[in-house]
Amino acid sequence: WVGLPAALVVINDTMAYFFGITLGRTTLLPVISPGKTLEGFLGATLSTSLASYFLLQSKRDAIAMAIVVSLVGPFGGFFASLIKRAYAQKDFGTLFPGHGGFVDRLDCQLILAPIVYLYLAL
């Protein structure tokens, strides 16, 4: 249960970038993160849901993980964007071209981990 949510975050983040670049027109929070679009969010949610459905045997868990990752993940990005804006930085690094650095990937994981723990504890 450590690897799957982490993998789903990577899928969500990557597909949000892909759909946002190819289809994105409507920005979600332009002041905080002008690059994040509604189309990217919806494409990432669909992609994460499909991946979760095929990766998990329990369809209830698959739906729950897809919803949690798709809703919580972007807020990690928004939070990181607020920090970057405060320090006039575009990215936290260049490790992943177009996605920023390692911390840009880690932001969603840090917020998601306690939520996944709470889900598993219930």
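1. Leu82 counts as partly exposed because its relative accessibility is 45%, where buried means under 20% relative accessible area, exposed over 50%, and partly exposed in between (1.4 Å probe, protein chains only).

2. Before going on, please note that this is a predicted model, in which local features need pLDDT of at least 70 and side-chain atom pairs count only at pLDDT 80 or more, while totals for chains, interfaces and linings use all residues. Residues are numbered from 1 along each chain as its sequence is written, and side-chain values use heavy atoms, with hydrogens and water left out.

3. Now the overall layout. The protein has four helices and two strands, arranged along the sequence as α-β-β-α-α-α. It has 122 residues, of which 36% count as buried. Take the contacts (heavy atoms within 4.5 Å) between residues at least 6 apart in sequence: 63% of them join residues at least 24 apart.

4. Helix α2 is worth a look. It runs over residues 38–55, and its 18 residues should span 26 Å at 1.5 Å a residue, which agrees with the 25 Å between its end C-alpha atoms; the expected span is 1.5 Å times one less than the number of residues.

5. Which residues of α2 are buried? They are Gly40, Gly43, Ala44, Ser47, Thr48, Ala51 and Ser52. They cover an arc of only 160° around the axis, so they lie on the same side of α2; the arc is that of the directions from the helix axis to the C-beta atoms. An α-helix has 3.6 residues a turn, so residues three or four places apart point the same way. The buried residues of α2 pack against α1 (3–23), β2 (33–37) and α3 (59–86).

6. Back to Leu82: together with Phe79, Ile83, Tyr87, Leu110, Ile111 and Ile115, Leu82 makes a nonpolar surface patch of about 670 Å². Helices α3 and α4 (102–121) each supply at least two residues of this patch.

7. Finally, Ile115 sits in helix α4 and is partly exposed, with a relative accessible area of 30%. Which residues does Ile115 touch, not counting those up to four places away in sequence? They are Val68 and Val72. The C-alpha atoms of Ile115 and Val69 are separated by 9.5 Å, although these residues are 46 residues apart along the chain.

How values were computed: Patches are made of residues with over 30% relative accessible area and no salt bridge: like charges are joined within 9 Å, nonpolar side chains (Val, Leu, Ile, Met, Phe, Trp, Tyr) within 5 Å. Accessible areas come from the Shrake-Rupley method with a 1.4 Å probe; for residues, only the protein chains shown count as cover. A salt bridge is a side-chain nitrogen of Lys or Arg within 4 Å of a carboxyl oxygen of Asp or Glu.
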